[in-house]
Amino acid sequence: MTHANADAPIGVFDSGVGGLTVLAALRAALPTERFLYLGDTARVPYGTKSPATVARYAENVADVLLARGAKALVIACNTASAFGLEAVRARTGVPVVDVIGPAAADVAARPGLRRIGVLGTRGTVASMAYPRALERAGATVEIAQQPCPLFVPLAEDGWTSGPVPRQVADTYIGSLLASGPVDAVVLGCTHYPLLREEIDASLLRQMGRHVPVIESGPAAARALVEALDATKLRSARPAGPALTTYLVTDDPAGFSVVGERFLGGSVGAVEHVSVGAA
């Protein structure tokens, strides 16, 4: 068991850069906090690995953040949330927040939703993590899932608007809607908010109306605020820019370049760290 205090940082981790969209939401919701962000770039992507391997990777990364004094952990990765949440929770006494459960709770809290679309990576869709989480959250909805493998490289390469991402979005949204319209869409990958404009536009073109799109970052931020309040771990530091330390397991320079696209500004210094063996 790990014990923490309110002055300690919050640990956030992902297999790479996608979790930076979650970090942005966390920093907006908690401007008095310090953050440790760890991208496991040496072992990305997690989606091609077995559930047992992903759980082990999540434990490895969590251990690094806990060793640096993290008072809470946010698993800012859908695959690690699907397969590593319980393993990480079993290793520590600090609050642990994932990105799937809070997004499902957001859906359950919205009245009148009958059919939900989930856009995700092949691994997340195959894991059935969102249907299970929606059921646990009490959301009595029909669920249509659509894997969108090209969205990740488009986001990382900066192709977030224009004819290419528009065509890709139209193809995926068309497949999602082939079996019927949806009342809301969940972005089941932390890269996808960078393509939000094209996703919104495609839904409008193909459905003729605006459809709520639920991102996991804001939902996870709300869950983290509740967890910190419940454990009296909110920082008392005066409000100001949230301070972040960036850690990666490979290629700090490459992370900096792509990270700037995700955060819309300079990432700053990035530290190389080692985690458990591959």
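This is a predicted model: local features need pLDDT of at least 70, side-chain atom pairs count only at pLDDT 80 or more; totals for chains, interfaces and linings use all residues.
Student: Let's begin with strands. Where is Ile10 found?

Tutor: Ile10 is found in strand E1, residues 10-14.

Student: Is Ile10 buried or exposed?

Tutor: Buried means under 20% relative accessible area. Ile10 has 0% relative accessibility, so it counts as buried.

Student: Which residues does Ile10 touch, leaving out those up to four places away in sequence?

Tutor: Among them are Leu30, Glu33, Arg34, Phe35 and Leu36. The list also includes Lys71, Ala72, Val74, Leu224 and Leu228.

Student: How many residues separate Ile10 and Leu38 in sequence, and how far apart are they in space?

Tutor: They are 28 residues apart in sequence. From C-alpha to C-alpha, the distance is 11 Å.

Student: Now strand pairing. How many bridges join E1 to E2, and do the strands run parallel or antiparallel?

Tutor: Five bridges join them, and E1 and E2 run parallel. Take Gly11 as a case: its bridge partner in E2 is Leu36.

Student: What unit do E1, helix H1 and E2 make?

Tutor: They make a β-α-β unit, and it is right-handed. Helix H1 covers residues 20-29.

Student: What about the pairing of E2 with strand E9?

Tutor: Six bridges join E2 to E9, residues 243-248, and these strands run parallel. Gly39 has Val248 as its bridge partner in E9.

Student: Why is E2 described as largely enclosed by the rest of the structure?

Tutor: Count its buried residues. Five of the six residues of E2 (residues 34-39) are buried, so the strand is largely enclosed.

Student: Next, a loop. Where is Ser15, and what does it touch beyond four places in sequence?

Tutor: Ser15 is found in the loop between E1 and H1. Its contacts are Gly39, Asp40, Thr41, Val44, Tyr46 and Cys77. Ser15 counts as buried because its relative accessibility is 9%.

Student: How is a pair of aromatic rings described?

Tutor: By the distance of the centres and the angle of the planes. This structure holds six aromatic pairs. One of them is Tyr46 with Tyr57, which is tilted: 5.4 Å centre to centre, with 50 degrees between the planes.

Student: Which parts of the chain does that pair link?

Tutor: Distant parts, eleven residues apart. Tyr46 is in the loop between E2 and helix H2 (51-67), and Tyr57 is in helix H2. Tyr46 is buried because its relative accessible area is 1%. Tyr57, at 4% relative accessibility, is buried as well.

Student: Why is the pair of Tyr246 and Phe255 called tilted?

Tutor: The planes are at 50 degrees, so the pair is tilted. The ring centres are 6.2 Å apart. Both Tyr246 and Phe255 are buried. Ring pairs link these two and Tyr37 into a cluster.

Student: Which residue lies over the face of Tyr57?

Tutor: Arg43 does, at 3.8 Å from the ring centre.

Student: Now the backbone. What kind of peptide bond joins Val44 and Pro45?

Tutor: Read omega. It is about 0 degrees, and the bond is cis. Pro45 is found in the loop between E2 and H2.

Student: What is phi for Met128?

Tutor: About 60 degrees, a positive value although Met128 is not a glycine. Met128 is found in the loop between helix H5 (122-127) and helix H6 (129-136). It is partly exposed because its relative accessible area is 39%.

Student: What about phi of Asp251?

Tutor: It is near 55 degrees, positive in a residue other than glycine. Asp251 is found in the loop between E9 and helix H11 (252-263). At 43% relative accessibility, Asp251 counts as partly exposed.

Notes:
Residues are numbered from 1 along each chain as its sequence is written. Side-chain values use heavy atoms; hydrogens and water are left out. Helices (H or I, at least four residues) and strands (E, at least two) are DSSP runs, numbered from the N terminus. Buried means under 20% relative accessible area, exposed over 50%, partly exposed in between (1.4 Å probe, protein chains only). Contact means heavy atoms within 4.5 Å. Two strands pair if DSSP finds at least two bridges between them. A crossover is right-handed if, with the strands pointing away from the viewer, the path from the first strand over the helix to the second runs clockwise. Rings of Phe, Tyr and Trp (its six-membered ring) pair if their centres lie within 6.5 Å; planes under 30 degrees apart count as stacked, over 60 as edge-to-face and the rest as tilted. A charge sits over a ring if NZ of Lys or CZ of Arg is within 6 Å of the ring centre and within 35 degrees of the ring normal.
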